[in-house]
Amino acid sequence: MAKSSKTITVEQVGSPIRRPEDQRATLVGLGLNKIGRQSTLEDTPAVRGMIQKVRHLVRVVEA
């Protein structure tokens, strides 16, 4: 399969303090761990699902 060239950039805007452990792990999986940090990821259904899970803690900067 060919790799997708589409990327998506997300920025952490919320704190993982007092959040369930699975949401903290999802942020780490997205490459985020501090407010204001940005991560550019491949635009796949798995990444979209991770963003959906922590949508209250992240903001999509660029799709």
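This is a predicted model: local features need pLDDT of at least 70, side-chain atom pairs count only at pLDDT 80 or more; totals for chains, interfaces and linings use all residues.
Local features need pLDDT of at least 70 and side-chain atom pairs count only at pLDDT 80 or more, while totals for chains, interfaces and linings use all residues. Residues are numbered from 1 along each chain as its sequence is written, and side-chain values use heavy atoms, with hydrogens and water left out.

**Sheet and helix**

Helices (H or I, at least four residues) and strands (E, at least two) are DSSP runs, numbered from the N terminus. Two strands pair if DSSP finds at least two bridges between them. The model has an open sheet of 3 strands in the order E2-E1-E3, with antiparallel pairing. Strand E2 (38-42) and strand E3 (58-62) are the edge strands, each pairing on one side only. On average, neighbouring strands of this sheet are turned by 35° against each other, direction ignored. Axes are lines fitted to C-alpha atoms, for helices over the stretch in contact, and angles run from 0 to 180 degrees between N-to-C directions.

Strand E1 (residues 7-12) pairs with E3 in the antiparallel sense over 4 bridges. Val-10 has Val-60 in E3 as its bridge partner. Helix H2 (residues 45-53) lies across E1, E2 and E3 and runs at about 20° to E1. Contact means heavy atoms within 4.5 Å.

**Core**

A nonpolar core is a set of buried Ala, Val, Leu, Ile, Met, Phe, Trp, Tyr and Cys residues joined through side-chain atoms within 4.5 Å. The largest one has 11 residues in all, including Ile-8, Val-10, Leu-27, Ile-51 and Val-54. E1 and H2 each supply at least two residues of this core.

**Two buried residues**

Buried means under 20% relative accessible area, exposed over 50%, and partly exposed in between (1.4 Å probe, protein chains only).

| Residue | Relative accessibility |
|---|---|
| Val-54 | 0%, buried |
| Glu-11 | 13%, buried |

Val-54 sits in the loop between H2 and E3. Leaving out residues up to four places away in sequence, Val-54 touches Gln-23, Thr-26, Leu-27 and Leu-30. Val-54 and Thr-26 are 28 residues apart in sequence, with a C-alpha to C-alpha distance of 7.3 Å.

Glu-11 belongs to strand E1. Its side chain and that of Arg-59 are joined by a polar contact of 2.3 Å. A polar contact is a pair of N or O atoms within 3.5 Å; within protein, one must be able to donate a hydrogen and the other to accept it, and residues adjacent in sequence count only if both atoms are side-chain atoms.
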